Amino acid sequence: MRLVQFRRRGDGGGVRLGVEQGGEGLGVVDLKAFDPSMPSTMRELLELGDEGLERAQRALSSGRCVVERSDIQLLSPVSAPEKVVCVGMNYRDHCLEQNAPIPKEPIIFSKFPSAITGPYDDIVLPSESQEVDWEVELAFVIGRGGKHIKVEDALAHVAGFTVANDVSARDWQMKRNGKQWLLGKTFDSFCPLGPALVTTDSVKDPHSLGVRCLVNGDTVQSSNTDQMIFQTEALVAWVSKFVTLTPGDVFLTGTPPGVGVFRMPPIFLKKGDVVECQIDQLGSIINKVV
């Protein structure tokens, strides 16, 4: 299934939950219209566990309560997660492009949940930074919580996958604030996410997905998730050693080579740029820089 959060255009309503019919760009089944007892947000749906996903599947199979894409605004598939867990230096070639050693353990940092924005919303350039960069990333969302999760059990704790852009203010990440990464990663609008949460049973092989980023139509990043040093299962197991994972937690799994800061000369985003992040089977997010 391709689960989405959306708003109906023109009715002033709040967040609603839906399932895309078939694929990206087709109609969306409004879950609450189908069953008024259904939750309104992805996090609440995931907290219901298998029951929530089964009820969503029933709604999809019914073919009822379909709204046209032109009548809705797609939102981030997850809003207000408890955690946004990010992984640094997780593609071998990305380490090589900056002459950095290959990590022996996952490098973990975070964004604040307030950085999350929708799949087609604007990226807002902050006046505090002159070096804002792109980073296409495979993201996954926790469906079943837990602590000290074993690698062999980890995928059962993942609800699904989506596309993310780990927008980064390189001046704050690499030169300011003691070179701690958090502030440079967490300005408002610095985590576009979407377009849908594609459930694990609908993704053929998350370990081999094409990953691309285009800026103004030109490909700047292109790789495959088989180049990741630490795959989804290893990341779930590693992070759950330290914190209890809860439904709705978002993981960004790292970026491939081709970011702007390591180009010669460096290239950074400017107003008017359009950034498109694509991942096979998951879709695209397209964000204008303003």
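1. Proline in a loop. P265 is placed in the loop between β16 (250-252) and β17. The model is a predicted one, and in it the peptide bond that joins M264 and P265 is cis, with omega at about 0°.

2. A further cis peptide bond. G194 and P195 are likewise joined by a cis peptide bond, for which omega is about -5°. Here the proline belongs to a strand: P195 has its place in β13 (residues 191-199).

3. Backbone at H148. The phi angle of H148 is near 55°, a positive value in a residue other than glycine. H148 is found in the loop between β10 (136-142) and β11.

4. Overall form. The protein contains seven helices and 18 strands. Its radius of gyration is 18 Å, close to the 19 Å that the globule rule gives for 290 residues, so the protein is as compact as a globular protein of that length. Along the principal axes, the C-alpha trace spans about 55 × 45 × 30 Å.

5. An unreviewed UniProt entry lists residues 83-290 as "domain: Fumarylacetoacetase-like C-terminal". Over residues 83-290 the chain is 11% helix and 32% strand.

6. The four-stranded sheet. What is the order of the strands in the open sheet of four strands? The order is β15-β14-β17-β18, and the pairing is antiparallel. The edges are formed by β15 (218-224) and β18 (283-288); each has a single partner strand, so one side of each is left without a neighbour in the sheet. Direction ignored, neighbouring strands of this sheet are turned by 10° against each other on average.

7. Pairing of β14 with β17. Strand β14 (residues 210-215) pairs with β17 in the antiparallel sense, over five bridges. Within this pairing, C213 stands opposite C277 in β17.

8. Pairing of β17 with β18. Strand β17 (residues 274-279) is joined to β18 by six bridges, and the two strands run antiparallel. I279 stands opposite G283 in β18, while V274 stands opposite K288 in β18. The hairpin of β17 and β18 has three residues between the strands. In this hairpin, Q281 takes a positive phi near 70°.

9. Largest pocket. The largest pocket has a volume of about 290 Å³. Its lining consists of 16 residues, and those nearest the centre are D50, L53, A156, V158 and A159. Which elements give two or more residues to this lining? They are α3 (50-62) and β11 (158-165). Of the elements, α3 gives the most to the lining of the largest pocket, with four residues. The lining residues of the largest pocket divide into seven nonpolar, five polar and four charged.

10. Second largest pocket. About 200 Å³ of space lies in the second largest pocket. Of the 19 residues that line the second largest pocket, M89, H94, R170, Q173 and W181 lie nearest its centre. The elements that contribute two or more residues to this lining are β6 (84-88) and α5 (170-174). Here α5 gives the most, with three residues. By class, the lining of the second largest pocket has seven nonpolar, six polar and six charged residues.

11. Points to view together. For the pockets, the elements to examine include α3 in the lining of the largest pocket and α5 in the lining of the second largest pocket.

Technical notes: Residues are numbered from 1 along each chain as its sequence is written. This is a predicted model: local features need pLDDT of at least 70, side-chain atom pairs count only at pLDDT 80 or more; totals for chains, interfaces and linings use all residues. Side-chain values use heavy atoms; hydrogens and water are left out. UniProt positions are given in the numbering used here, feature names are shortened, and annotations may be inferred rather than shown by experiment. On a 1 Å grid over the protein atoms alone, a cavity is a set of points where a 1.4 Å probe fits but cannot get out, and a pocket is an open set with protein on both sides within 12 Å along at least five of seven lines; lining residues have an atom within 4 Å of a point. Grid points are joined across faces, edges and corners, and a volume is the space filled by probe spheres set on the points. Ala, Val, Leu, Ile, Met, Phe, Trp, Tyr, Cys and Pro count as nonpolar, Asp, Glu, Lys and Arg as charged, and the others, Gly among them, as polar. Two strands pair if DSSP finds at least two bridges between them. Axes are lines fitted to C-alpha atoms, for helices over the stretch in contact, and angles run from 0 to 180 degrees between N-to-C directions. The radius of gyration is taken over C-alpha atoms; the globule rule is 2.2 Å times the number of residues to the power 0.38.
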